[in-house]
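The following exercises concern a single protein chain. Each task is followed by a worked solution.

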Amino acid sequence: MKKILKLFLICSILLFCTQQTFAVQTLDEKKEEIFALYTSNNIEQAHKQISMLTENERDYETWFLLGNISQDLNNEENSIFYLQKSIKLKPDFDKAHYNLANIYFNQKKYNMAIKEYKEAIKHKKDFPYYYYNLACAYIAQKEYKEAKTMLKKAIKLKKEADFYYNLAFVNKQLKKEKEYTQALSEYEKLKG
């Protein structure tokens, strides 16, 4: 009985010390630990740790991360809420606008996706995938002229096969045969 009592006492002391160590941990250290868990693909543990932060401890980056975690856990509605929280704290945070736009795009809410892609572009004009995804949203809406403009902007920033493939498609829809052929040729060159 004494051994069990002694073991219980040791375990209690260790548990108390562990809790005290976490309590002493600074907010920056907590965030660093959460980001490390997330980047090492330990999604569940990152979610558990971030959930322990109070709302006042969460900044735009932690709300953004919580939005990404929720999306990884297939909870798009929570993800939307958290990304909107991130944007509220930092309206020019392009990545939050972009991730929110991608969710809306997947939900086939193209007008909302277009609005968020435009916001992302407004705050970071040199990222080609913002233009490319905006073009894809326009294509989904059959707004081919707008899509063509965005694809040209994406290509100006980066020559990528998928950009040319979609440009060829758009030109085909616009009955621009010569431009269709040129874009398709560029696609084939890049695809190898």
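**Exercise 1.** Which residues does Asn133 touch, not counting residues up to four places away in sequence?

*Solution.* The model is predicted: local features need pLDDT of at least 70, side-chain atom pairs count only at pLDDT 80 or more, and totals for chains, interfaces and linings use all residues. Residues are numbered from 1 along each chain as its sequence is written, and side-chain values use heavy atoms, with hydrogens and water left out.

Step 1. Locate the residue: Asn133 lies in helix α8, residues 128-140. Helices are DSSP runs of H or I with at least four residues, numbered from the N terminus.

Step 2. Apply the contact criterion, heavy atoms within 4.5 Å. With residues up to four places away in sequence set aside, Asn133 touches Tyr98, Asn102 and Tyr117.

Step 3. Examine the polar atoms. The side chains of Asn133 and Asn102 form a polar contact at 3.1 Å. Such a contact is a pair of N or O atoms within 3.5 Å; within protein, one must be able to donate a hydrogen and the other to accept it, and residues adjacent in sequence count only if both atoms are side-chain atoms.

Step 4. Classify the exposure. Asn133 counts as buried because its relative accessibility is 15%, where buried means under 20% relative accessible area, with a 1.4 Å probe and protein chains only.

**Exercise 2.** Determine how α7 and α8 are arranged relative to each other.

*Solution.* Step 1. Two packed helices are described by the angle and the distance between their axes. The axes of α7 (residues 110-123) and α8 come within 9 Å and cross at roughly 160°. Therefore α7 is roughly antiparallel to α8, a class that takes angles over 145 degrees. Axes are lines fitted to C-alpha atoms over the stretch in contact, with angles from 0 to 180 degrees between N-to-C directions.

Step 2. Assign the handedness: α7 and α8 cross in a left-handed sense, that is, the near helix is turned anticlockwise from the far one by less than a right angle.

Step 3. Inspect the interface. Residues of α7 including Tyr117 and Ile121 meet residues of α8, among them Asn133 and Leu134.

**Exercise 3.** Is Tyr144 buried or exposed, and which residues does Tyr144 touch?

*Solution.* Step 1. Tyr144 is in helix α9, residues 144-157. With a relative accessible area of 15%, Tyr144 is buried.

Step 2. Leaving out residues up to four places away in sequence, Tyr144 touches Ile139, Phe169, Val170, Gln173 and Leu174.

Step 3. Tyr144 and Leu174 are 30 residues apart along the chain, with their C-alpha atoms separated by 6.9 Å.

Notes: Helices (H or I, at least four residues) and strands (E, at least two) are DSSP runs, numbered from the N terminus. Buried means under 20% relative accessible area, exposed over 50%, partly exposed in between (1.4 Å probe, protein chains only). Angles under 35 degrees count as roughly parallel, over 145 as roughly antiparallel, 65 to 115 as roughly perpendicular and the rest as oblique.
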